[in-house]
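Open the model in your viewer and keep the selection tool at hand. Each stop below says what to pick and what is there.

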Amino acid sequence: SITVGGSMLSLCVYTIIALKMYSYHDVNSWYRQGHLSNSAGMKKETKQERREYQDQLTLKDLYYFLLAPTLCYQLDFPRNETIRKNFLFQRLMEMLILIQLMVGIVQQWISPIIQRSEYTFTNMDMTAKIEHLMELAAPNHFLWLILFYLFSHSCLNFTAEL
């Protein structure tokens, strides 16, 4: 039996792979169409352009893209020669501070609201249910915003720098 966490993880992995494969197919389709229209005599392509496109159609390039922390395929990914340790330290500190902020919001804002209720949610009258949901709306919104920034900016930039 698979747990909910395992199901969510596999759903995320397969969604990411599907989006990456779509991007890989679409970009190579654009280059292929440009390559075919150039060979039909519309525009003369240089040997460099032809080589760059054809050199990218390898399994090594596909596997690199599948492991890269991006959903948008490019022929040449911009890379730094060295790993910027200061940048890594900044992203790591962002991740630690944001995680602590999330824990603080849950402990100081959400837990007291939930513990304050005398009855379970199903046994409350409609006005009490609405009141509790409205009190939880703002901290829940903040948690989602922080989580989005944490993952889409801090974690992915940290991984990309490595």
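**Salt bridges**

A search of the whole structure finds two salt bridges (a side-chain nitrogen of Lys or Arg within 4 Å of a carboxyl oxygen of Asp or Glu). This is a predicted model, where local features need pLDDT of at least 70, side-chain atom pairs count only at pLDDT 80 or more, and totals for chains, interfaces and linings use all residues. Residues are numbered from 1 along each chain as its sequence is written, and side-chain values use heavy atoms, leaving out hydrogens and water.

Select Glu 161 and Arg 84. Their side chains meet in a salt bridge, 2.9 Å from N to O. Glu 161 lies in helix H5 (residues 126-161) and Arg 84 in the loop between H3 and helix H4 (85-116), so the pair ties together parts 77 residues apart in sequence. Helices are DSSP runs of H or I, at least four residues, numbered from the N terminus. Glu 161 is buried, at 10% relative accessible area; Arg 84 is partly exposed, at 41%. Buried means under 20%, exposed over 50%, and partly exposed in between, with a 1.4 Å probe and protein chains only.

Next, pick Glu 94 and Arg 91. Their closest N and O atoms are 3.0 Å apart. Both residues are buried.

**Helix H3**

Now select Asp 61, in helix H3 (residues 59-67).

Show the buried residues of H3: Asp 61, Leu 62 and Phe 65. Finish on the other side of H3, where Leu 59, Lys 60 and Leu 67 are exposed.

Technical notes: Helix = DSSP H or I, 4+ residues; strand = E, 2+ residues; numbered from the N terminus.
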